[in-house]
Amino acid sequence: MKHLLVVLIFSCFVIPLSSVKASNESNQSGELYVHFINVGQADCILIQTPQHKNILIDSGSAKTQKRALAYFHALNIESFDAVIATHPHHDHIGAMAAIMGNFYVKAFYMPDVYHYTRAFKALYDSAKRRGVMVFKAKAGSKIDVEPDVKMAIIAPLQEHHAHLNDDSFVLRLLHNKNSFLFMSDAGKQSEAELLENKSDVKADVIKIGHHGGASSTTLPFLKKVNPEAAVITSGHRSIVGYPSQSVIKRLRYLRVPIYRTDVHGTIVADSDGSRITFSFGGLKARKRMPIKNPKKGLMKKFERVTL
Ligand SMILES: [Zn+2]
């Protein structure tokens, strides 16, 4: 495994992505889609850019890989310009080997941490077999997606935390005036480091850390993010009780609308660069999203429509 790391892993700070489709044309609307795919209590987030790039943040677990693959096939995806593994827990990398086996993965990004599990070994074996370039990225690395779309890894700010969850990548995505923050499973320690570092964490949409677990999403951090909406990737009848009521309370206290994969299924945020529209209910039958406690001013920014 050490040898493989030497061969395949590159340190990276700014990585330009060139479109696999070799096309500079924008999609008709110039929109960016963020799909929070319903894979239970796990993360599998697909970003589709105006210039037809596909970026995947985590794969979900092996248990739901069929569902994730079917979703990608339904969107006629053949390749990923970038696949990012935020940290090596099975609910984030469990389907990575299958993804590499079924799609052309142009570049693969992961933190410099090791985890000797079957899923982790399968991921490495698959990357080696397919000749996938693996980039060892860290906070400060930027993925230069296209002129209107920028992505930055802003955490972990320290190495080897007591909890592997705090070693998770935290990613910030900008699409013109819109911003998204993907917390992966980062917990209060990583949040405290981001606050202490005075990192720019402001985001219109936050993917809540660790599936809504109580050890993430502290109130000071949430206030700094100041989101217009929150997405929680939680499983139906979660045995560990995620999302935690304390996290829901913190979000409600700040009047942030909550979208949950266990309640709404796959959730799609559609950004036109200045407004974000949420839809859910699958590819064919998306439904209107009723928002409780709409934050003041939300209606200006978020338009809820049936796609
Ligand atoms: Zn997780």
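These are my notebook entries on a predicted model, beginning with the whole chain and ending with one residue.

**Whole chain**

I looked up the secondary structure and found ten helices and 19 strands in the chain. I then checked burial: of the 307 residues, 49% count as buried. I also looked at contacts with a separation of 6 or more, and residues 24 or more positions apart account for 68% of them.

**Strand E18**

I picked strand E18, which covers residues 267–271. Is E18 mostly covered or mostly open? I found it mostly covered, with four of its five residues buried.

Next I asked which strands pair with E18. Strand E3, residues 32–36, pairs with E18 in the antiparallel sense over five bridges. In that pairing I noted Tyr 33 opposite Asp 270 of E18. Strand E19, residues 276–280, also pairs with E18 in the antiparallel sense, again over five bridges. There I noted Val 268 opposite Ser 279 of E19.

I followed the chain from E18 to E19 and found a hairpin with four residues between the two strands. Gly 273 lies in the turn and has a positive phi of about 100°.

**Tyr 253**

I turned to Tyr 253 and placed it in helix H8, which spans residues 245–253. Is Tyr 253 buried or exposed? I recorded Tyr 253 as exposed, because 12 other C-beta atoms lie within 10 Å and a residue with 12 or fewer counts as exposed.

Last, I checked Tyr 253 against Leu 219, which is 34 residues away along the chain. Their C-alpha atoms are separated by 9.4 Å.

Notes:
Residues numbered from 1 in each chain as written. Predicted model: local features only at pLDDT ≥ 70, side-chain atom pairs only at ≥ 80, totals over all residues. Buried ≥ 20, exposed ≤ 12 C-beta atoms within 10 Å, placed from the backbone. Contact = placed C-beta atoms within 7 Å. Pairing = 2+ DSSP bridges.
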